[in-house]
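Trainee: I would be grateful for a close look at one part of this structure, a loop residue and its contacts. Please then relate that view to the nonpolar regions elsewhere in the chain.

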Amino acid sequence: MKKKPLLSFWQLWNMSFGYIGIQFGFALQNSNLSRIFETLGAKQDGIPALWIAAPLSGLIIQPIIGYMSDRTWNRLGRRKPYFLTGAILASLALFILPNSPALWVAAGMLWMLDASINITMEPMRAFVGDMLSDEQRTQGFAMQTFFIGAASIVGSLLPYLITNLLKVPNTAPEGIIPPSVRFAFYTGGIIYICAILWTIFSTKEYSPEEHEAFNAHETDAAAKEGDDMALDTKKYYTSGFLYLIIGLIATFIVYHYDWDKALYILSIAIGAYGILQLVTAQLFVAGQRAGLVEIIYDMNNMPKGMTQLALVTLFTWFSLFAMWIYSTNAITSTKYNMKVDKATVTVMQNDIKSVLTQPTVDAKTKNEFGSLQDDINEINKYRPNDNPVTISVNLANHYSDSTNKVFSASDKAELTRVTKQYNDGADWVGVLNGVYNGVAALIAFLLPLFAKKITRVKTHVLCLFAGGIGYISMYIFNDPKLLIISMIGVGIAWAGLLTFPYAILSSIVPQKKMGVYMGMFNYFVVIPQIVAAAILGLFVRTLFNGNAIWALVMGGVSMLIAGVLMLFVKDKKEAL
């Protein structure tokens, strides 16, 4: 077997440069999409449903694109045709989305953007596995981590920079996206396509003959394809019906008990997987050996090391989504003074009651004051004896308004102070997000050195422990500035989880199926996202008495569990 040549630093740089474009797309989406949806008239409680595009598109598209790219060879290369296709579509979506005339157009463009990013991203990960020898893969994925961290910071700040440096307005008439946001998306679209083109023209893929020479003949079940596959149709029929029944029962339970609608994705996915098992068995009996048959076969024959990594990834990404969902609420409510005298809350409660009991109240007012009543109910349920008591920014904003006649000027000044405390805290959360991305970018170049010294598995264990401790310390530290220390730990974990799982995975899976298995690995990123969105709210309400900081502690515990599980992962390279 011929050994792949070692690549220089700048060759590694060029190979992963396209990730700047991908991360610009993600950063602009994550920072501005809710703002765009609200501008176009989306209700706050309906925004999560619009965001479901990201996990769903990744769940469906990445394995399919991975399977196709494993089998693509043309003048442009193996993975490059998908880089280019995804980049063109994503750039178009970034140009069109901020000019959406209606909410449904913006939602459609979000689906197009997410699908296009996934078309680009999955082959980019497989690309590193294709091009690098095992001893350089940690460096290759660490380079991607650097670009992810750096581009996340700049991409998130882009509207702010355009407003403050170029003096482009960040306000617009009702229903119109501000010019600063539009120009940020245009800039992102140009950067996306240019970064991908840089990688396409600066890096040459190996030919099929070279790949054959580099990779030894693999004989394990995961590597089999075509007529070599041994598929037990009886087992597929049995498991297919079982998954289908479980999916139907789970869907009924979610409906009957009115659980979070995000759980429908999981329950329906279980049933759909059962149907795919049944269809696969039938196609196999009919003589089909490619396409769906091979994808489902590969899914059922994942290498053992991949299943071990998958379990680690489930707990790790659950932690991340806990932070992304609850960090603003947790930090503003516990590290900033959002408390007022209980008598103020009583006045609010009486005013809300008087408005809602009016026989002629219109629908808009009823919705507005219904939301305020929900905030009062939360105070009465979770903080009935607190005085002073923490209130929501929703209540503070409403009753500090100059047109409101319920409170005196001095009371309004106090409520304005609460609003400012919230905004200061939310701004600080943005800074903290920049800290952990910056730490990830900086530490990315150190990870390969540690991995070489103490192995990839042990280095990732240390990264996860640092992240878990960082999460839990957010509960301990009262001074918001000390949370920078917490975010250093989170940044170390972020760098590790963007580097080591993919580096190890690329050593475990069959080289000729790198794309499809990289795509399937995304399931274990998406599933905890859906679970976190569905159950964390329930936990905060029922177990944590409405205190969101405990969701971060739970995330820390989850990351520590991931660190322990990582100890049992067998890195194929280290096992040899």
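Mentor: Leaving out residues up to four places away in sequence, S133 touches K4 and L6. This is a predicted model. S133 sits in the loop that lies between α6 (103-131) and α7 (134-166). Its relative accessibility is 7%, and because buried means under 20% relative accessible area, S133 counts as buried.

Together with I88, L89, L92, I96 and I190, F95 makes a nonpolar surface patch of about 480 Å². Helix α5 (residues 80-96) supplies the largest share of that patch, 5 residues.

Nonpolar side chains also come together in the interior. In soluble globular proteins, nonpolar side chains tend to be buried together. The largest nonpolar core here has 142 residues, and within this core W494 and M566 touch the most other members. The greatest contribution to this core, 14 residues, is made by helix α20 (residues 483-508).

Setting aside neighbours within four places in sequence, M566 is in contact with L309, V312, V457, H460, V461, L464 and I504. Another core lies apart from the largest one; this other core has 19 residues, including M338, L372, I376 and V393.

Note on methods: Residues are numbered from 1 along each chain as its sequence is written. This is a predicted model: local features need pLDDT of at least 70, side-chain atom pairs count only at pLDDT 80 or more; totals for chains, interfaces and linings use all residues. Side-chain values use heavy atoms; hydrogens and water are left out. Patches are made of residues with over 30% relative accessible area and no salt bridge: like charges are joined within 9 Å, nonpolar side chains (Val, Leu, Ile, Met, Phe, Trp, Tyr) within 5 Å. Accessible areas come from the Shrake-Rupley method with a 1.4 Å probe; for residues, only the protein chains shown count as cover. A salt bridge is a side-chain nitrogen of Lys or Arg within 4 Å of a carboxyl oxygen of Asp or Glu. Helices (H or I, at least four residues) and strands (E, at least two) are DSSP runs, numbered from the N terminus. Buried means under 20% relative accessible area, exposed over 50%, partly exposed in between (1.4 Å probe, protein chains only). Contact means heavy atoms within 4.5 Å. A nonpolar core is a set of buried Ala, Val, Leu, Ile, Met, Phe, Trp, Tyr and Cys residues joined through side-chain atoms within 4.5 Å.
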